[in-house]
Amino acid sequence: ESTLGAAAAQSGRYFGVAIAAGRLNDSTYTTIANREFNSVTAENEMKIDATQPQRGQFNFTAADRVYNWAVQNGKQVRGHTLAWHSQQPAWMQNLSGPTLRQAMIDHINGVMAHYRGRIVEWDVVNEAFVDGNSGARRDSNLQRTGNDWIEVAFRTARAADPNAKLCYNDYNVENWNAAKTQAMYAMVRDFKQRGVPIDCVGFQAHFNEGNPYNSNFRTTLQSFAALGVDVSVTELDIQGASPTTYANVINDCLAVARCLGITVWGVRDSDSWRSHHTPLLFNNNGSKKPAYNAVLDALNGG
Ligand code: G3I
């Protein structure tokens, strides 16, 4: 196959991209995005600050621009993200305790109702563990509502859209030996044992000097899959875009039956949140980088 999406589809997987609504009038951008990818994540537009800027007033204008572009072009959509310590609107940042807990529940219900039946995977909770060696939860206003906030979010999400796969998503959790990875693993194992509705785990896979790719990523994916959840690579970018490292990540996913697909976090380097890392598959002018060819070859079976 000659495009990333078609090549991934050979094994029943998707190859996705983060899309920014503000770039949808750039034809170089949309031409590449439409040609190469068959899954879309809104880079910012489905986040809490975008979808509920005022308490009780939902706004899906930007989210729907991304969603509709994706679906009109035949792509599936990953939802990102419902409960997160970051990118909260000011009104939510100022809440705490039972009021915040209820606001989280109302937010999940409001956004999932709008997209009910139309989102394949939802990142229900994002980035709840702290970096470093403690394996602890990240301190946040949501965490301070009680340690059960994550399972409440998942139970709320299941009721709001029973057909969506419900994911927990985090970064720096690719290395099997990291305390953060092990903490996330213990949470997912506990949720599966107690019947908390979780279907998938998203590994953001932002690889850089501080979080280098390690070949035990495959062990990580396999270990989570063995708990009875699907796994996805949700925000892939690699500082310097080493073709070898990109191919390794693709092959790690392909080696795990429950790895649903891979999403790269932007189209061209100039679209990246870390453009100075030149971490993506396309140059600023839209031409394919060596990493693109490495990914395509890997998806085509090497
Ligand atoms: O839209 C405003 C613009 O009006 C304003 O002039 C400008 C000034 O700073 O800011 C613009 O908003 C920025 C937005 O991106 C759109 O470009 C925000 O400041 C900026 O904070 C925001 O950054 C996003 C970041 O999440 C916020 O947490 C990045 O685009 C986005 O790529 C990044 O994505 C996250 C995932 O959601 C979760 N995992 C990590 C990943 C990378 O940080």
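**Close-up views of salt bridges and a pocket**

**View 1. Asp190 and Arg194 are paired in a salt bridge whose closest N and O atoms are 2.9 Å apart.** A salt bridge here is a side-chain nitrogen of Lys or Arg within 4 Å of a carboxyl oxygen of Asp or Glu. This is a predicted model, in which local features need pLDDT of at least 70 and side-chain atom pairs count only at pLDDT 80 or more, whereas totals for chains, interfaces and linings use all residues. Residues are numbered from 1 along each chain as its sequence is written, and side-chain values use heavy atoms, with hydrogens and water left out. Asp190 and Arg194 are separated by about one helical turn because they stand 4 residues apart in helix α8 (residues 179-194); helices (H or I, at least four residues) and strands (E, at least two) are DSSP runs, numbered from the N terminus. Asp190 is partly exposed, at 28% relative accessible area, and Arg194 is also partly exposed, at 42%, where buried means under 20%, exposed over 50% and partly exposed in between (1.4 Å probe, protein chains only).

View 2. Glu151 counts as buried at 16% relative accessibility, while Arg155 is partly exposed at 40%.

**View 3. Arg78 forms a salt bridge with Glu121, with 2.9 Å between the closest N and O atoms.** The pair links distant parts of the chain, since Arg78 belongs to strand β3 (residues 76-84) and Glu121 to strand β4 (residues 121-126), 43 residues apart. Arg78 is buried, with a relative accessible area of 1%, and Glu121 is buried as well, at 1%. In the whole structure, a search finds 18 salt bridges.

**View 4. The largest pocket holds about 330 Å³ of space.** A pocket is an open set of points on a 1 Å grid over the protein atoms alone, where a 1.4 Å probe fits, with protein on both sides within 12 Å along at least five of seven lines; lining residues have an atom within 4 Å of a point. The lining comprises 17 residues, and Glu127, Gln204, His206, Glu235 and Trp273 lie nearest the centre of the pocket.

Note on methods. Grid points are joined across faces, edges and corners, and a volume is the space filled by probe spheres set on the points.
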